[in-house]
Amino acid sequence: MNRFTTAVLVLVFVVSSALPALAQRAFGYELKVKGMMCAFCAYSLSKHLKAADGVTPESIEVDLAGGTVTLRSEKPLERARLSELVRAAGFQLEAVAQTVEDSSTPAARSGRRVLMSLTVDGRGLAEGEFDSVLQAVGVLASQRSAGLTVVGPADLEMRTLRPILMGRTPAMDAAFSESTRPDNTVLINVVAAPPQGVSRR
Amino acid sequence: MKDTLRRLLVWTLAGGLAGFPHTALASGHGPVFGLTTPTNGAGGWALDLGFMGRAGDDDNGAMSRAMLTYGFIEDLQLSVSLPLVFASAPFSPARGTAMMPGTGDFEAIGAWRFHRQGTAVGTRVESTAYGGLIVPGPQKPAGMARDLRRAPGFYTAVATGFASRSHYVWVGAGYTRFAERTGDQRPDILSYSAVWGYRPAPLRKEYPHWDWRWFVEMTGEKAGNLRRADLEHGGTGGHQILLGPTALGIYKNYAIEGGVQFPVYRDVGANLRRERVRYAVNFSYFF
């Protein structure tokens, strides 16, 4: 077996190993919807959400009693797009909680339920403003015996997030993950079960 | 009878050729007889097949009706319905069901939900206006109206109501008016309805399970006398109020609903038969 053949085999192995991970890439959403009350409402809303590019049809679950809809998508969905789909079905989108159920996401790896999700423009906030946001979320997280998972650009984490979390709010259990998103947004999730201390995943 | 069966067969085959599933029919996914507010979602189709009848002392009327509905946007839809009358009887002029008249007329109705507000999780307040065109079909009514030269008419209505996981309340009123044709004119009909619906706690199941609810429906119809050769014929109009229970069950994109109504107030003309019970069954298929 010459070097070329060996290199090709290694390449095939690497690519085939990576494919399942790529196939599993999914974005999770929890929608709070006003106005649903019956099976037809659930059917109509599911039908419209299935039409969105990237949404996995079988992942759509409607909770009529709670007024929530959960779904997964292979592509990120903007709130405006979700709002448009919900409106087309005849309902009102009240809130969206997003979870990146990618292998890079701590919440996805641990299987913890996301209680609240907040997306922050990483370039749009100064350090002090980040501090206020994280303080507020951290208070909520500590009160509910929950934890934080933070997904954002690596430089932002080292420069801004980690000092805030470690230096000023030690009570806050947080886990960091580097974002794979093309923009510079920071995703802060309050998850049901807290991770142990501040860690780098 | 053989003629009726042959027409039913032709009509069914025509539906099949047009690509329509044969599971359909109904007056939407609300009450059976009364006016309601929901409209189809944007791009949503509904096919309804309804069987309705009126039973009286000596005569009975029965018919089937197919209705196709399309939602242009979430608050605007158009329904077109076709009749097939099995038996006709000279009862008081009536609308029958809100979305599907109990007559041999073709009908197209536009519905515009001009107000919609999700007040909380699982509750909604909304109002819908209806406007429709009625075109006489080839099947003639019974009684004095049989030889009437029938002309097209219009139907307009408005409904408002509240819906939740447990309770529904809708009220509405409509008006039907027919044009005159060489001195002949069918009577105007003022119709109104009030509906209360309830879904008991054990039936508040999550999707996708059968979703059942019960209604108590009150409908009223006040009709004038018909005119023939520019003369009004007394005793051909009347005022009735009917009340009765109905039920609706939805499973995924299929629905079945049905019920009966009995007259609780009746002041009808001497030339009309007395109606004892009114019934309707509808099947719906949403796609």
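I started with B:Asp75, which forms a salt bridge with B:Arg113, closest N and O atoms 2.9 Å apart. My rule for a salt bridge: a side-chain nitrogen of Lys or Arg within 4 Å of a carboxyl oxygen of Asp or Glu. B:Asp75 sits in the loop between β2 and β3 of chain B and B:Arg113 in strand β4 of chain B, so the pair ties together parts 38 residues apart in sequence. Both B:Asp75 and B:Arg113 are buried (under 20% relative accessible area; exposed is over 50%, partly exposed in between; 1.4 Å probe, protein chains only).

Note on the source: this is a predicted model, where local features need pLDDT of at least 70 and side-chain atom pairs count only at pLDDT 80 or more, while totals for chains, interfaces and linings use all residues. Residues are numbered from 1 along each chain as its sequence is written, chains are lettered from A and ligands numbered from 1 in the order in which they are written, and side-chain values use heavy atoms, with hydrogens and water left out.

Next I looked up B:Glu74, which bridges to B:Arg116 at 3.8 Å between the closest N and O atoms. B:Glu74 is in the loop between β2 and β3 (76–87) and B:Arg116 in β4 (residues 105–120) of chain B, so this pair joins parts 42 residues apart in sequence. B:Glu74 counts as buried, at 13% relative accessibility. I then found B:Glu74, B:Asp75, B:Arg113, B:Arg116, B:Arg124 and B:Glu126 linked in a network of salt bridges.

B:Asp57 is in the loop between β1 and β2 (60–73) of chain B and B:Arg276 in strand β14 of chain B, 219 residues apart. B:Asp57 is partly exposed at 37%, and B:Arg276 is partly exposed at 40%.

Then the fold of chain B. I traced a closed barrel of 12 strands, β1-β2-β3-β4-β5-β6-β7-β8-β9-β12-β13-β14, with antiparallel pairing. Strands are DSSP runs (E, at least two residues), numbered from the N terminus, and two pair if DSSP finds at least two bridges between them. β1 (residues 45–56) and β14 (residues 275–286) of chain B pair antiparallel over 11 bridges. B:Arg54 stands opposite B:Arg278 in β14(B).

Last, I checked confidence in chain A. Its pLDDT (the predictor's confidence in each residue, from 0 to 100) averages 71, and 43% of the residues score at least 70. Over residues 14–23 of chain A the pLDDT is below 50, and I see 0 contacts (heavy atoms within 4.5 Å) beyond near neighbours in sequence. Residues 194–201 of chain A are also below 50, with 32 such contacts in the model.

Technical notes:
Helices (H or I, at least four residues) and strands (E, at least two) are DSSP runs, numbered from the N terminus.
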